[in-house]
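Me: I would like to go through this structure slowly and ask, for each label, what makes it apply. Please set the values against the cut-offs as you answer.

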Amino acid sequence: MRALIVNADDFGLTRGVSAGILAAHRLGIVTSTTVLVTADPDRAQLAEARDAGLGLGLHVNLTLGRPLTRARSLVDGGGAFVRDARRVAAGAEPPDVRAEVEAQIARFEKLVGRLPTHLDTHHHVGLHVPVRGVVLDVARAYGLPVRSQDAAARTRARSAGLRTTDHFFGESGPDAYWSAARTLAHLRALPPGVSEFMCHPGRFDDDLGYSRYGRQREVEMTGLGTATARAAVAALGIELRDFGALQ
């Protein structure tokens, strides 16, 4: 059995990003997305995602914008998150992390009307101590699956009794990752079990001009958001699913 979750990070970052994710679900192979509730996502786009059957998880954010809680150990002198995952984690107090993660889950529930399908973290801040332990504890308390970016993260999640995938693929470096060629190559080489493709499709808009991963999102649309990708999945006998289907 080869099953695949294609998760688009950053729903709600900008209207263009959300619009691209919705299109990549409608036209291509994106099955899941994680919402940045701290970015105040557009309500109509959220409703569209829910009604379209797109899996909706929470993109736990400790590195962009402002927190929902006081979170003194997580912010700079101006009250904003520090845009560096390692620096944030190095100064983080576990009670502040837990309060913020739980506040983001509560906001997700208010916006979507249910719990998220799973948790993952913006800029992979959940890989670092002490954030990773808190995220796993919260996920266990709520009964939520989590992302595992590597074997060590997978072992930690499963040791905590959490559902997660067997394999993970994805990156967001200086170049666009999910080009059409790379998508097809990964689909053909997909291993047995359940895999996650982490991706960042989106429509570039003025609000995204600050981002180091802006125009690259349009390239990922061509790799993941097309009938070609969908036809390849069907031809290869790959089952598309979201985190809610994890056993």
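Me: Why is R203 called partly exposed in this predicted model?

Reply: The relative accessibility of R203 is 34%, and since partly exposed covers what lies between under 20% for buried and over 50% for exposed, R203 counts as partly exposed.

Me: What makes the contact between E218 and R203 a salt bridge?

Reply: The N to O distance between the side chains of E218 and R203 is 3.8 Å, and because the rule asks for a side-chain nitrogen of Lys or Arg within 4 Å of a carboxyl oxygen of Asp or Glu, the pair is called a salt bridge. This pair links distant parts of the chain, with E218 in helix α8 and R203 in the loop between β6 and α8, 15 residues apart. E218, with a relative accessibility of 30%, is partly exposed.

Me: How do you know that R217 and D10 form a salt bridge?

Reply: Their closest N and O atoms are 2.9 Å apart, and the limit is 4 Å, so R217 and D10 meet the rule and form a salt bridge. R217 lies in helix α8 and D10 in strand β1, so the pair ties together parts that are 207 residues apart in sequence.

Me: Are R217 and D10 buried or exposed, and what makes them so?

Reply: R217 has a relative accessible area of 3% and D10 one of 2%; because buried means under 20%, R217 is buried, and D10 is buried as well.

Me: What makes R140 and D137 a salt bridge, and where do they lie?

Reply: The N to O distance for R140 and D137 is 2.6 Å, and since the cut-off is 4 Å, their side chains meet in a salt bridge. R140 and D137 are in helix α5 and 3 residues apart, which means that about one helical turn separates them.

Me: How many salt bridges does the rule give, and which residues are linked in a network?

Reply: The count comes to 13 salt bridges, and a network of them links D9, D120, R147 and E196.

Me: What makes up the lining of the largest pocket?

Reply: The lining divides into 7 nonpolar, 10 polar and 8 charged residues, and R83, H122, H123, S172 and R212 are the lining residues nearest the pocket's centre.

Key: Residues numbered from 1 in each chain as written. Predicted model: local features only at pLDDT ≥ 70, side-chain atom pairs only at ≥ 80, totals over all residues. Heavy atoms only, no water. Helix = DSSP H or I, 4+ residues; strand = E, 2+ residues; numbered from the N terminus. Buried < 20%, exposed > 50% of the residue type's maximum accessible area, 1.4 Å probe, protein only. 1 Å grid on protein atoms, 1.4 Å probe; cavity = no way out; pocket = protein on both sides within 12 Å on 5 of 7 lines; lining within 4 Å. Nonpolar A, V, L, I, M, F, W, Y, C, P; charged D, E, K, R; others polar.
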